Amino acid sequence: MDHPPPLPKIAISGATLASLIHRFSTTTSSIEGLLFGHLTYVTPLNLTDDSSETSQTLLATVTGFLTSSSFHDTSGKINASSVRRLIPNSTSLLGWFSGRRRTPLRPSLREFSISSSLSSLSELSSSIKPSPSSSSSSLNFNPCLFFLLASPISDQTSHIHTHDYRAYQFLTGTNSLNPVSIDIINIGPAFRDHYGSFSPNSPFPALDCQLGYTPMVRDNEDERLNKMKQASKDQMELDACVEGLEVSRLSKLMGSEAKNYTQSLEDLYLKMLVKIENLTTLVEQSSARVLEQENHNKKLRQKIMRSAAAE
């Protein structure tokens, strides 16, 4: 069983990266932890008809992390038994990460020692088997990835936050940390297919914008009356979301002609904000009345208790 070659890149989900950066940015000191995920073979897209066999590339995808500094001692030696207890089910240990403040974005000697010690533990490795149609051989993947986060050395303003990060792979053959590019999943046009089954939910009612406003001459009185009732109902539902906007104006905000009515769309958003602001004011007023009633009840209870004690 061969050892893995240098990885061309590693992948990490956008949610995992954001969570890791948030965890680092909300602490006042340095953090360390383990990286988990899965290993798969991917087929390159530059295949030709003359290819007699398929050569696949190994891809490491980071899907989770655990903040902990108990998996090694001060010298950088790994505690294999502690690490084994921290590994979740159905996931592989890919490596570890370190976040430190106001330091250069390059591995230190201590981080190099921890990466070397972690990647040398064969009992923590994961076995990867390629597909039967591939010419690739089975690999024994040791946890050799290292993810480094650092904050800028210079001071930042309160409105700007910069987060620097870089990924490395420890190569046992050359005894070195090799920089690896990072592919962030769910960010960018290349990952739009992931949202093909996404169904948005919105409280905005589904309205027929034409009801009651463009009736045909041949309609009888009953149909026109039903349309007017439906239009009145739709207007009430629209008023619950937007104040001061007629249903008939919504027809101009849909379709290919909507770009010509940007001002109407801005008016729609503005009226929705006004509606939200009015609701917020009502909530504040009702909360104030509830607090006032609670204080009144509290004073009343204290008065009753003093009267009872006096008797």
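Buried denotes a relative accessible area under 20%, exposed one over 50%, and partly exposed a value in between (1.4 Å probe, protein chains only). The structure is a predicted model, in which local features need pLDDT of at least 70 and side-chain atom pairs count only at pLDDT 80 or more, while totals for chains, interfaces and linings use all residues. Residues are numbered from 1 along each chain as its sequence is written, and side-chain values use heavy atoms, with hydrogens and water left out.

Helices (H or I, at least four residues) and strands (E, at least two) are DSSP runs numbered from the N terminus. The expected span of a helix is 1.5 Å times one less than its number of residues.

| Helix | Residues | End-to-end C-alpha distance | Expected span |
|---|---|---|---|
| α1 | 14-25 | 16 Å | 16 Å |

In α4, Ala231, Asp234, Gln235 and Leu238 are buried. These residues fall within an arc of 100 degrees when seen down the axis of α4, so they line one face of the helix; the arc is taken from the directions from the helix axis to the C-beta atoms. Glu221, Asp222, Lys229 and Met236 are exposed on the other side of α4.

The buried residues of α1 are Gly14, Thr16, Leu17, Leu20, Ile21 and Phe24. Their arc is within 165 degrees down the axis of α1, so they line one face of the helix. Ala15 and His22 are exposed on the other side of α1.

His72 lies in the loop between β3 (57-67) and α2 (80-86). His72 is buried, with a relative accessible area of 10%. Beyond its neighbours within four places in sequence, His72 is in contact (heavy atoms within 4.5 Å) with residues including Glu32, Arg110 and Ile114.
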